[in-house]
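I opened this model to look up a few local features. My notes follow in the order I took them.

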Amino acid sequence: MKKLIYLLICISISLGTKAQSIIGAWEGYHTNEQGVELKSVVIFADGYQVLSVYEAKTGKFVSTNGGTWKLEGDTMTEKVEFNTVDAESVGSEVSFKVEITDTTIGIVGSETILTRIDDGTPGALQGAWLMSGRVRDGETQTRDTNQPRKTMKMLSGTRFQWIAYNTETKEFMGTGGGNYSTIDGKYTENIEFFSRDDSRAGMSLEFNYELIDGKWHHSGLSSKGDPIHEIWSVRE
């Protein structure tokens with residue numbers, strides 16, 4: 001499992017023609033020691049990536065990890081920002097040699113191969129975003145995105161995952177993800193896993209979304225039925 005985790009953390013490449021070819025989402029399947037089929041999904045954006053592992057049939061959450069990445073030659077180096085399997089790895093760097101084609105990614109010496117889900121399209125919100133504010137009772141409350149406590153949302157063209165974590169304390173607070181669509185100002189999430197409550201797998205939530213001065217305004221009802229109006233900023 002650890003080798004698979006590091007594989008999925010580290011596979012990516014630098015900016016340029018080849019980088020554009022892997023930005024998006026990729027998936028793989030394997031069976032654990034108990035005979036349960038697990039699904040792994042990794043989302044790549046410019047400079048950031050995230051991996052989620054969960055039971056393919058039930059959506060039961062297993063693990064997540066991610067951080068920043070860079071490529072030098074064929075060696076991928078990732079700095080870990082969160083890791084539910086090994087919290088002590090937060091802040092460390094891990095490097096591997098990678099092999100990438102237009103449709104698959106893998107690590108040299110490993111049999112695990114991931115296949116492409118999408119190339120960053122067609123969703124309108126592809127990239128890495130940080131929660132930067134909320135609107136409550138008509139008033140905007142901002143949040144400093146440079147603090148170690150972060151809520152990040154990663155989106156490919158069809159996949160999303162949010163993660164709440166603290167790079168200073170190495171604490172992980174929660175995550176959830178699945179597939180999404182952006183159609184006519186509506187952002188719809190179809191939840192496939194949710195670390196705080198596995199029973200929410202299978203739920204669909206529809207929100208209003210709007211891009212205002214480069215910020216993503218996200219409003220509607222949460223999975224608990226509470227009204228929300230969040231503001232997200234592109235992570236630099």
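I went to Pro122 and found it in the loop between strand E8 (113–118) and E9. The model is predicted. I checked the peptide bond from Thr121 to Pro122: it is cis, with omega near 10 degrees. I noted this because most peptide bonds are trans.

**Two loop aspartates.** Next I looked for positive phi outside glycine. Asp137 has phi near 50 degrees, a positive value in a residue other than glycine. I placed Asp137 in the loop between E9 and strand E10 (139–142). Is Asp137 buried or exposed? Asp137 counts as exposed because its relative accessibility is 84%, where the cut-off is over 50%.

Asp213 also gave a positive phi, near 50 degrees. I found Asp213 in the loop between E15 and strand E16 (215–221). Its relative accessible area is 78%, so Asp213 is exposed.

**Barrel.** I then traced the strands. E1-E2-E3-E4-E5-E6-E7-E8 form a closed barrel of eight strands, with antiparallel pairing. Neighbouring strands of this sheet are turned by 35 degrees against each other on average, direction ignored. I took one pair as an example. Strand E2 (residues 37–45) pairs with strand E3 (residues 48–55) in the antiparallel sense, over eight bridges. Lys39 stands opposite Tyr54 in E3.

**Cores.** Which residues touch the most other members of the largest nonpolar core? I listed Leu125, Trp129, Leu155, Phe160, Tyr187 and Trp216, out of 17 residues in that core. Strands E9 (127–136), E12 (159–166), E14 (186–194), E15 (204–212) and E17 (227–234) each give two or more residues to this core. Apart from it lies another core, of 16 residues, including Ile43, Leu130, Met154 and Ile163.

Leaving aside neighbours within four places in sequence, Trp129 is in contact with Thr151, Met152, Lys153 and Leu155, among others. The list for Trp129 also includes Leu211, Gly214, Trp216, Trp232 and Arg235.

**Thr151.** That list sent me to Thr151, which sits in strand E11 (residues 149–155). Thr151 counts as buried because its relative accessible area is 12%, where the cut-off is under 20%. What does the side chain of Thr151 make a polar contact with? I found the side chain of Arg149, at 3.2 Å. Not counting residues up to four places away in sequence, Thr151 touches Trp129, Leu130, Met131, Arg143, Ile163, Ala164 and Trp232.

Conventions
Residues numbered from 1 in each chain as written. Predicted model: local features only at pLDDT ≥ 70, side-chain atom pairs only at ≥ 80, totals over all residues. Heavy atoms only, no water. Core = buried A, V, L, I, M, F, W, Y, C linked by side-chain atoms within 4.5 Å. Buried < 20%, exposed > 50% of the residue type's maximum accessible area, 1.4 Å probe, protein only. Helix = DSSP H or I, 4+ residues; strand = E, 2+ residues; numbered from the N terminus. Contact = heavy atoms within 4.5 Å. Polar contact = N/O pair within 3.5 Å; in protein donor to acceptor, adjacent residues only side chain to side chain. Pairing = 2+ DSSP bridges. Axes fitted to C-alpha atoms, helices over the stretch in contact; angles between N-to-C directions.
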